[in-house]
Amino acid sequence: MVSPLVKPRIVKKRTKKFTRHQSDRYAKLSKSSWRKPKGIDNRVRRRFKGQFLMPSIGYGSNKNTRHLMPDGFLKLVVHNVADLELLLMQNKKYAAEIAHDVSAKKRKAIVERAQQLNIKVTNWQAKLRSEEDN
């Protein structure tokens, strides 16, 4: 199988989700659906000690490892066999991911062509049925 040219160590500055203000008080508020507090007296917006943290640009990922999958590849969504030709020279940097709306017949053709071009496909098993299922 194809391996990436370089596989840098991915360091996340924060792995926990940011909690929405007062989501512990009301069941209707989802814990993970972050909304920026807008109130004039809001403790979270004013960044008081002991309150929920707010997302800021400082939590951003390293530019070298941004959008990198754990296997060291960047993802490119592919809709047809012609899109695979874009990855011909970049098969050590990018991996193809077949779009969700591609039919099973076209998926099979994309996977076969990717094997010929030595391109990694992340979701090659999706929508494929084995011979005995027919």
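Trainee: Is Arg47 buried or exposed, and what is its relative accessible area?

Mentor: Arg47 is exposed, with a relative accessible area of 64%; exposed means over 50%, buried under 20%, and partly exposed in between, with a 1.4 Å probe and protein chains only. Before going further, please note that this is a predicted model, in which local features need pLDDT of at least 70 and side-chain atom pairs count only at pLDDT 80 or more, whereas totals for chains, interfaces and linings use all residues. Residues are numbered from 1 along each chain as its sequence is written, and side-chain values use heavy atoms, with hydrogens and water left out.

Arg47 is located in the segment before strand 1. Its phi is positive, at about 60°, although Arg47 is not a glycine. Asn118 likewise has a positive phi, near 60°, and is a residue other than glycine. Asn118 belongs to the segment after helix 2 (104-117), and its relative accessible area of 42% makes it partly exposed.

The segment before strand 1 (74-78) also holds His21. The side chain of His21 forms a polar contact of 3.4 Å with the side chain of Asn42. A polar contact is a pair of N or O atoms within 3.5 Å; within protein, one must be able to donate a hydrogen and the other to accept it, and residues adjacent in sequence count only if both atoms are side-chain atoms. Leaving aside residues up to four places away in sequence, His21 touches Leu29, Pro37, Asn42, Val44 and Phe52, where a contact means heavy atoms within 4.5 Å.

Let us now turn to the whole. The protein has 2 helices and 2 strands, arranged β-α-β-α from the N terminus on. These elements are DSSP runs numbered from the N terminus: helices are H or I with at least four residues, and strands are E with at least two. Of the 134 residues, 26% are buried. The radius of gyration is 21 Å, whereas a compact globule of 134 residues would have one near 14 Å; the radius is taken over C-alpha atoms, and the globule rule is 2.2 Å times the number of residues to the power 0.38. Along the principal axes, the C-alpha atoms fill a box of roughly 60 × 40 × 25 Å. Among contacts between residues at least 6 apart in sequence, 46% join residues at least 24 apart.
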